[in-house]
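Please keep the sequence and the structure in view while reading.

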Amino acid sequence: MIPSVTGEGPAKKLVGRTSELADMADALACTRTGSALAVAIVGEPGIGKTCLLGALCRQAGSARFGVLAGRGSEFEAEVPFGLVIDALDEYFAGLEAEVVADLGPGLYAELAVVLPSLAGRGDRLAGRSEIARFEFYRAVRAVFERIARTRPLVLALDDVHWADPASVELIGYLLRRPVPGMLVALSYRPRRAPRLLLTAVEQGVRDGVLHELGPAPLTVAEAAELLGQRPNSATTRSLHAESGGNPFYLEQLARISHGRPPPPIPQERLTSEHRSDIPDAVRAALGEELAVLGSDTREVLQAAAVAGDPFNVELVAQISAADQTTVLEHIDALAAAELVCTTDVAGRLRFRHPIVRRVVYDGASPGWLFGAHRRAADALERSGAPLGLRAHHVAHSATTGDKQAVAVLTAAGEAAVRAPAAAADWFATALRLLPESTESERRLHLTISLADALAAAGRLRDSRAVLESALKSLPADSAAVRTRIIGMLIRADHGLGRAEEARNLITAALGRAPAGSVDAVTLSLDLAENHLMMARWVEAVQVTTAARREAKALGDPTLGLVATAAAAWFRSLQGADSATQDLIDEAAVAIDARDVDLTPALVAALADLTLAELAIDRLREADRHAERGLRVCRTAGHGYLHGRFALAAATAKLFLGQLSAARSAAETAVEVAVLLDNDQLLSAAEGMRCWIETARGDLPEALAAGNSAVHASDRRPNALFAWVAHACYGEALIEAGELDRGSHEIRSIGGPGLAHIPPSTRSLWQRSLVTAELAGGRIHAAEDVARHMDDAGSELNSNKGNANYAWAQIYLARHDFRSAALAAHRAVRCFEDAEMRVWGGRARLVAGRAHALADDRAAAVTELELAHSILHDAGAERWRDEAAKELRSIGIRVRRRSLAVEQADPSILSDREQGIAERVAQGYTNREIGAELFVSPKTVEKHLARVFTKLGITSRAGVAAALAHHQKEPRQH
């Protein structure tokens, strides 16, 4: 629970906050009904944010909510997950066995890596990826979700402007993926808030999840009530004017008010940042309050300011170098003076207000602070404290050349896989502490570690600047390191969408590399990807073909496989000729024969192979390889490739008619993009989410995702998959009836010929253009588009299916119903051969409509019932409902297959059955579920049979639909 700011009762602290209290009561009431909400209390220091948050927690506790609370700390803002640990550690340590078992060993291991109370409990199973923190966020949310099924929750986080970046990422994740029955309550100062937090809050407001509260300054009458004085008294009016109505400032000035102005405060040791946060009068008032303390008591208070907020009494004793009995006596005096107050944990206290700690810390001399931090670091080392806590104090007490400090900071950075922003800070500090005589190899290792951490934290530009600086200072004989850094710079430029800058780097490096060397082949593959960014499909194939030939000549099996996979992908973008098929076969056989833990180069080759398979309708193989890639990335790293595999999995599952699993994969891609702050990946991920939501029939969600995708794409116009955003958004707009806008969005991708869309995929979006033209009554324009589709002459089933579907629509518009039916049936065969279930279902819908209009009722019923069944099982609700409407129009009563889903209540499932059902909804196979839960596939099958029986459904798709429907329904308590 968040304590009151002072020792006085909470009611008095809430003077003038009636409106905010009412808003918070409403939020709690909505949360109790199963809504997922957030509130943010925003304002300057001392305005009453903590008091309001405390009042919310008390209200929630009285209403039998579960309450978890934590607070950011100004001086420990770089300690990984500091705020999260403060809020969750104690609570999660007492998790019931059922909750832990339901999480599965993988997610539980992620919790154990971060939370000290769970340390050592299965953390060997945790991922080692730079985006493994996403798995931790998923684990935390899974716990909240399970608890909220039986008891509403409040997560109250105070002073979030001081939260470490990893904790802010978790907050953003919970705002993007809110938990039904849980209220997230934040407080922060907007001027101090990091961009990541402000972005998450803005998104939460746009999504309607988060409501902001801005406590106003107190009026004179409210100030008088708080102080217990008359509103018209001169003292009240003077204090109100001096404090600006800020409650904390008002009380602080009142503490020392004797009818005289506060003394001046020396400014030489205060930074402008601290001056802007704390008014001079308040600093002076606190200075007077501290001045009456004895020197020994004041030193103990300064030791507490170094130790933390809250602080541990034992650590304070070791920092102050006094015996514990004496320290406790001084602590009692400080508590009596209301400078510190107790917490719920014995031996831990906190400052009356963070401003008090700030002023106390600023009042200590630099030399004393240096020694205090060193004593703190030594004490924490003796007690076996986490590296992150030690590194904080080491960074404040190390001098240039301190090898032990460099070792601690380096180790802390390497251990902070889930907190790359903190790792980057520690690597940078370690670099600054290295003596000039340090060998270049050691300095380069730290520099590259810093660049990697910055990239993983989403600071790609900063990463690039570090690499560029390192490149300039490289010795002439460091060819291998130079090549590695240039490769990292190229990837950074590609990630930033800086195609021309990357091309210049590649061209210059190729000019230096010996012809036919490993470096030349690698750079040629980079150049080919650069061609793709610029939609130069033919050049990309030419360069890759030559690179593959050179790689084969070198006799390097790994490099040859990498080049083969790249050549397969680049060729597949133009079609599926026999040469492309052979390349894909060669790459697939070689990669499938390798061990699960692939090298980074082979993971990239697996990604290229997966994308190639998607491009030529090998959907099952693509799905299998995408899932393998995701498993490798979870354990071995490769954050950006993790996003590519998630995108590939989403695409494969969309085509295969597994829309719930596709949506889950797309959301994973979005989260990876957000963690990496990568607009290139974000535009594709949000575009894919838009495409999937369009297929599911949730057009508002599709349009929101598409709009987000296009904005990200506009920031990176030369991104590798920039076209995905505009194409998917365009289709969603057309489906929503905004025909001209949608057509314009699609045609913006390279003009009427869609030149910037890979040739093998264009028909998907040309089909949408045909739909738009026909809906606008422009049959001739639709025919022109369809003829372009025919002229492409593709042998891919997907492209032939799209062309036939387009002509079926055109024949319908021309009232040539028999030709429409024939074309639709041809489309059905093509889509079924490609296993594109949703596309096949829609083609059957057109066929059924054509048969009905041709008075062939029996054929119409057959096709429409099949369409209804296929689209229902896939989760394509809007198109399913179109099929039902067509059936009713010809006198067929539609059995509401969705009724079983609507009546099915997943809450009747046991925890084990619920866990299996959720994994089924995410697209897991029985074998994969068994591996994660440590049971046999047969056991999973038995549990799944009981799930089917309880929910009254007969398919895995039905399980996904039941869970999705239940999540939408408000729960009653």
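**Antiparallel sheet**

Val 340 has Phe 351 in strand 8 as its bridge partner. The model is predicted. Its chain of 973 residues has 57% counted as buried, and the secondary structure comes to 49 helices and 8 strands.

- Three strands form an open sheet in the order 6-8-7, and their pairing is antiparallel.
- Strand 6 and strand 7 are the edges of this sheet, each with a single partner strand, so one side of each has no neighbour in the sheet.
- Strand 7 covers residues 340–342 and is joined to strand 8 by 3 bridges, the two running antiparallel.
- Thr 342 is bridged to Leu 349 in strand 8.
- The hairpin of strand 7 and strand 8 has 5 residues between the strands, and Gly 347 in this hairpin takes a positive phi near 85 degrees.
- Strand 6 (residues 311–312) is joined to strand 8 (residues 348–351) by 2 bridges, again with the strands antiparallel.
- Arg 348 in strand 8 is the bridge partner of Asn 312.

- Another open sheet has 5 strands in the order 2-3-4-1-5, with parallel pairing.
- Its edge strands are strand 2 (66–71) and strand 5 (210–213), each of which pairs on one side only.
- From one strand to the next, the twist averages 15 degrees.
- Inside the order, strand 1 (residues 36–42) pairs with strand 4 (residues 182–188) in the parallel sense over 7 bridges.
- Ala 38 has Val 184 in strand 4 as its bridge partner.
- Helix 8 (residues 195–206) lies across strand 4 and strand 5, and runs at about 115 degrees to strand 5.

**Helices**

- Helix 17 (residues 354–363) is mostly covered, with 9 of its 10 residues buried.
- The buried residues of helix 17 include Arg 357, Arg 358 and Asp 362, along with Ile 355, Val 356 and Tyr 361.
- Helix 38 (residues 762–775) packs against helix 39 (residues 779–792) at an angle of about 165 degrees, with the axes 8 Å apart.
- Angles over 145 degrees count as roughly antiparallel, and helix 38 and helix 39 are therefore roughly antiparallel to each other.
- The crossing of helix 38 and helix 39 is left-handed.
- On the helix 38 side, the residues that meet helix 39 include Ser 763, Gln 766, Arg 767, Leu 769 and Val 770.
- On the helix 39 side, those that meet helix 38 include Ile 779, Ala 782, Val 785, His 788 and Met 789.

**Cores and contacts**

- The largest nonpolar core has 228 residues.
- Leu 88, Phe 92, Leu 111, Phe 144 and Trp 765 are the residues with the most contacts inside that core.
- Leaving out residues up to four places away in sequence, Leu 111 touches Phe 92, Leu 103, Leu 118, Phe 136, Ala 139, Val 140 and Val 143.
- A second, separate core has 41 residues, including Phe 75, Phe 351, Ile 355 and Ala 372.
- Phe 351 of this second core is the bridge partner of Val 340, and Ile 355 of this core is among the buried residues of helix 17.
- Among contacts in the chain between residues at least 6 apart in sequence, 68% join residues at least 24 apart.

Note on methods
Residues numbered from 1 in each chain as written. Predicted model: local features only at pLDDT ≥ 70, side-chain atom pairs only at ≥ 80, totals over all residues. Heavy atoms only, no water. Core = buried A, V, L, I, M, F, W, Y, C linked by side-chain atoms within 4.5 Å. Buried < 20%, exposed > 50% of the residue type's maximum accessible area, 1.4 Å probe, protein only. Contact = heavy atoms within 4.5 Å. Pairing = 2+ DSSP bridges. Helix = DSSP H or I, 4+ residues; strand = E, 2+ residues; numbered from the N terminus. Axes fitted to C-alpha atoms, helices over the stretch in contact; angles between N-to-C directions. Parallel < 35°, antiparallel > 145°, perpendicular 65-115°, else oblique. Left-handed = near helix turned anticlockwise from the far one by under 90°.
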